[in-house]
Amino acid sequence: MSDITHTDVLIIGAGPVGLFAVFELGLFDMRCHLIDILDRPGGQCAELYPEKPIYDIPGYPVVGAQELVDKLLQQIAPFKPGFSFNRMVTALERLEGGGFRVTTDENEVFEAKVVVIAAGGGSFQPKRPPIPGIEAYEGSSVSYSVRRMEEFRGHDVVVVGGGDSALDWSLNLQPIARRVTLVHRRPEFRAAPDNVNKMHALQQAGALDLVIGQVSALSGEDGALRSIAVKGPDSEVEVACTRLLPFFGLTMKLGPVAEWGLDLHENQIPVDTEKFETSVPGIFAIGDINWYPGKLKLILSGFHEAALMAQAAKHVISPKERIVFQYTTSSTSLHKKLGVAD
Amino acid sequence: MTKLTYIAHDGTRFEVEAENGSTVMENAIRNAVPGIEAECGGACACATCHVYVDEAWTALVGEPEAMEEDMLDFAYEVQPNSRLSCQIKVRNELDGLIVTVPERQG
């Protein structure tokens with residue numbers, strides 16, 4: 001039986017809007033814990049375009065996406081939020097006595113009085129490469145990550161890609177696989193040069209094969225892969241393959257959100273524009289994942305939604321307490337919470 | 001205005017008038033050219049606006065930069081004339097440009 005982590009508010013998604021929600025909830029003394037499938041905070045800002053400038057954050061004529069994330073982390077630091085990274089929320093259930101139980105893909109359990117879904121475009125998941133018929137081999141011969149290296153022992157392993165994951169796993173599996181073949185579209189690699197050099201050294205020693213080209217076809221039967229065809233610049237070659245590991249980056253999928261019993265509107269969660277609450281009282285949705293008439297998928301809209309949601313969340317957690325609206329510019333009690341001197 | 005022609009995978013031609021400075025991807029989306037997905041919205045962070053540049057235009061359009069080459073690793077059936085359409089800016093010299101949409105996006 002795993003331990004249960006208790007928090008006031010469980011936030012699903014640590015993108016800019018999820019992070020700012022910590023601030024707004026914190027002003028009303030609600031403790032937050034955030035869960036994200038990525039290995040760091042920032043969501044799309046950190047994963048898709050960290051170097052890109054953003055021009056429509058009020059008060060910043062221009063701010064880099066990663067810079068915005070860093071500033072948000074600084075802004076919410078006084079509220080000491082908890083973070084769980086590399087985790088996907090798989091289940092969200094209502095508890096009988098009120099509140100919710102949230103379970104991750106690593107079977108960690110959280111209980112919260114309020115849940116805020118700030119999951120943007122959904123969860124980042126490995127991209128299925130555009131190889132015809134690959135679905136038939138998924139879960140048996142084709143995997144998009146390595147959970148247990150032993151499953152590759154003695155196999156003809158083909159790793160596809162030119163980034164860090166592709167190089168890391170080519171090197172790590174080389175000693176235990178029957179043969180590792182790395183397939184990449186071109187001779188240049190995105191991965192760290194050190195690992196590329198190690199790979200070339202193994203190739204020269206005859207301990208690993210490198211094939212330049214694109215996977216064009218898979219052969220096998222009943223989910224068991226036998227070989228793959230790789231189309232090179234001039235010719236096509238057949239490579240023995242009983243385990244295929246394609247690394248084609250990440251894509252966003254709505255994922256398990258669809259299974260939590262919430263009403264959906266074209267893969268988004270409808271909310272009201274007073275509380276940003278979903279069809280289930282106590283579960284709120286803010287940022288790109290929600291929908292209401294006139295919705296704009298802008299970071300600044302998500303910030304506004306977080307502020308209004310926090311008022312409603314406070315009412316769920318402390319229904320009898322009167323909510324006093326205060327400004328951060330002048331309220332001494334807010335200053336105390338923010339840790340700033342008057 | 002600059003004239004662009006998109007040829008969808010089924011051979012349908014889409015001729016559009018594009019503003020200089022906009023991208024070939026943006027004009028495809030605006031004109032609902034099938035097969036251009038542009039999942040990341042033009043940040044050069046995916047490979048779902050992949051097109052083949054007509055051979056007569058490859059020299060003028062130019063080669064992809066390193067970041068775009070990296071993203072093309074995720075595309076389907078990449079050819080020497082492959083480009084991500086979000087990285088091609090429309091300009092006077094490209095008047096008449098023809099691009100073909102691949103069978104599928106990455």
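**Note on the predicted two-chain model**

1. Strand β10 of chain A is mostly covered, since five of its five residues are buried, where buried means that 20 or more other C-beta atoms lie within 10 Å of a residue's own, exposed means 12 or fewer, and partly exposed lies in between, with C-beta atoms placed from the backbone. Asp156(A), Val158(A) and Val160(A) point one way from β10(A), while Val157(A) and Val159(A) point the other way, and all are buried. Helices (H or I, at least four residues) and strands (E, at least two) are DSSP runs, numbered from the N terminus.

2. On the basis of the model: this is a prediction, in which local features need pLDDT of at least 70 and side-chain atom pairs count only at pLDDT 80 or more, whereas totals for chains, interfaces and linings use all residues. Residues are numbered from 1 along each chain as its sequence is written, and chains are lettered from A and ligands numbered from 1 in the order in which they are written.

3. β10(A) runs parallel to β11(A), and five bridges join them; strands pair if DSSP finds at least two bridges between them. Within this pairing, Val160(A) stands opposite Val183(A) of β11(A).

4. Helix α4 of chain A (residues 164–173) has as its buried residues Ser165(A), Ala166(A), Leu167(A), Trp169(A), Ser170(A) and Leu173(A). Their cover includes β10 (156–160), β11 (179–184), α5 (193–204) and β16 (243–246) of chain A. Leaving aside neighbours within four places in sequence, Ala166(A) is in contact (C-beta atoms, placed from the backbone, within 7 Å) with Val159(A), Val160(A), Gly161(A), Leu182(A), Ala191(A) and Phe247(A).

5. The largest nonpolar core has 58 residues, and those with the most contacts inside it are Val157(A), Val158(A), Val159(A), Val160(A), Ala166(A), Leu244(A) and Val24(B). A second, separate core of 52 residues includes Leu10(A), Val115(A), Ala119(A) and Val316(A). Such a core is a set of buried Ala, Val, Leu, Ile, Met, Phe, Trp, Tyr and Cys residues joined through C-beta atoms within 7 Å.

6. Val196(A), in helix α5 of chain A, counts as partly exposed because 16 other C-beta atoms lie within 10 Å. Apart from neighbours within four places in sequence, Val196(A) is in contact with Leu167(A), Phe189(A) and Ala191(A).

7. The domain assignment, which is automatic or taken from a database, divides chain A into domain 1 (4–125 + 251–338) and domain 2 (128–248). The UniProt annotation "domain: FAD/NAD(P)-binding", from an unreviewed entry, covers residues 8–293 of chain A.

8. UniProt, again in an unreviewed entry, places the feature "binding site" at Asp36(A), Gln44(A), Tyr49(A), Val89(A), Phe124(A), Asp288(A) and Thr329(A). These positions span 294 residues in sequence and their farthest two C-alpha atoms are 37.6 Å apart, so they do not all gather at one spot. UniProt positions are given in the numbering used here, feature names are shortened, and annotations may be inferred rather than shown by experiment.

9. Two of the annotated positions can be described further. Phe124(A), in strand β9 (residues 123–126) of chain A, is buried, with 21 other C-beta atoms within 10 Å, and touches Ile37(A), Leu38(A), Glu47(A), Leu250(A) and Met252(A), not counting residues up to four places away in sequence. Asp288(A) sits in the loop between β19 (283–285) and β20 (290–291) of chain A and counts as buried, with 25 C-beta neighbours inside 10 Å.

Terms used
Two residues are in contact if their C-beta atoms, placed from the backbone, lie within 7 Å.
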